[in-house]
Amino acid sequence: PVTIRTNGSPLSERVVTYDSQRFGTLGALSRQINQHRINTGLWYERNEAQQSRLFFPVYQTGPLWSPYEIPDNSTAFQTDFAYRFSTDTLQFHLQDTWPIHDQLTAMAGFKSLYSGTTGEATIDSSTGKTRPHGYLAARGPFLPQFGLKWQLNSQEELFFDATQTKRTYQQAIFGKSLSPWAVSNQAAFNWAQDNIRPETAWTYEAGYRFRGMLEDSTLRSYQGVISLYHVDYKYRDWE
């Protein structure tokens, strides 16, 4: 954009700024019941994120902005837009680890997920239109996981794992991603509220883990994994 200022030049620097403040709590509890090791826990997080596009003057005299310097927002002569996302995330998990015998261990459990986001524009001067705003939540009350581990010896093991996961919605403004808030108008967002579903996936993995020590060598130890995995996705094509 060309903006002429009395103490500047017909040039300006456009800067997209991001700010995120997070707080929350987490905790876990484990207990041994006979051969079963039960672990449960809860995680809560509040995330306040802001995205904005600002314009700063480029002066005819004086130093230019450094790409490593963060400009003082109070010196911006124009704010194209400012957008705020407020997200609450709550996750609970429960897991049982059961050593069937000395070499074979089974693990089973699940997690419950809730993540709700409200997105809204605080400043919008670029298009003359109201940017999409509203609330969306990703919910997964029962996301199971199952695994097996076969200990071949103290340095080698075979493993298998099957897990269901759910993805929360991306948070971004118009044209920046496949976020539901990145659509061009409110009607499109309202349609998304009623029709889209958060992406889910089943992941299956099996493999071999190993580690060892070396003598009389600069490489004292090594470890690695060889695995195969397969993922089945669902609800990836809402756009």
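How much of Arg46 is accessible, and does that make the residue buried, partly exposed or exposed? Arg46 has 21% relative accessibility, so the residue counts as partly exposed (buried is under 20% relative accessible area, exposed over 50% and partly exposed in between, with a 1.4 Å probe and protein chains only). This is a predicted model, in which local features need pLDDT of at least 70, side-chain atom pairs count only at pLDDT 80 or more, and totals for chains, interfaces and linings use all residues. Residues are numbered from 1 along each chain as its sequence is written, and side-chain values use heavy atoms, with hydrogens and water left out.

**Overall layout**

- The protein has eight strands and one helix; these are DSSP runs numbered from the N terminus, with H or I of at least four residues for helices and E of at least two for strands.
- Reading from the N terminus, the order is β-β-β-β-β-β-α-β-β.
- The protein has 239 residues, and 28% of them count as buried.
- Take the contacts (heavy atoms within 4.5 Å) with a separation of 6 or more: 65% of them come from residues 24 or more positions apart.

**Around the helix**

- Phe189 sits in helix H1, which covers residues 186-195.
- Phe189 is buried because its relative accessibility is 0%.
- Setting aside neighbours within four places in sequence, Phe189 touches a list of residues including Pro132, His133, Tyr135, Leu136 and Trp181.
- Gly134 is another of those contacts; Phe189 and Gly134 are 55 residues apart in sequence, yet their C-alpha atoms are 7.9 Å apart.

**Surface**

- Trp98, Ile100, Phe146, Leu148, Phe160 and Tyr204 make a nonpolar surface patch of about 480 Å².
- As for what a patch is: its residues have over 30% relative accessible area and no salt bridge, with like charges joined within 9 Å and nonpolar side chains (Val, Leu, Ile, Met, Phe, Trp, Tyr) within 5 Å.
- Leu148, one of the patch members, belongs to strand E5 (residues 134-151).
- Leu148 has a relative accessible area of 30%, so this residue is partly exposed.

**Salt bridges**

- Side chains of opposite charge can pair when their charged atoms come close.
- Seven salt bridges turn up in a search of the whole structure; each is a side-chain nitrogen of Lys or Arg within 4 Å of a carboxyl oxygen of Asp or Glu.
- Arg22 and Glu45 form one of them, with their closest N and O atoms 3.8 Å apart.
- That pair links distant parts of the chain, 23 residues apart, with Arg22 in strand E1 (residues 12-33) and Glu45 in strand E2 (residues 36-57).
- Arg22 is exposed at 60% relative accessibility, whereas Glu45 is buried with a relative accessible area of 17%.
- Arg46 is back here too, in a salt bridge with Glu48 at 2.8 Å, N to O.
- Glu48 has a relative accessible area of 22%, so Glu48 is partly exposed.
- Arg46 and Glu48 also belong to a network of salt bridges with Asp88.
- Another salt bridge joins the side chains of Glu199 and Arg167 (3.8 Å, N to O).
- Glu199 is in the loop between H1 and strand E7 (200-213) and Arg167 in the loop between strand E6 (156-166) and H1, so this bridge ties together parts 32 residues apart in sequence.
- Glu199 is buried at a relative accessible area of 17%, while Arg167 is partly exposed at 41% relative accessibility.

Note on methods:
Accessible areas come from the Shrake-Rupley method with a 1.4 Å probe; for residues, only the protein chains shown count as cover.
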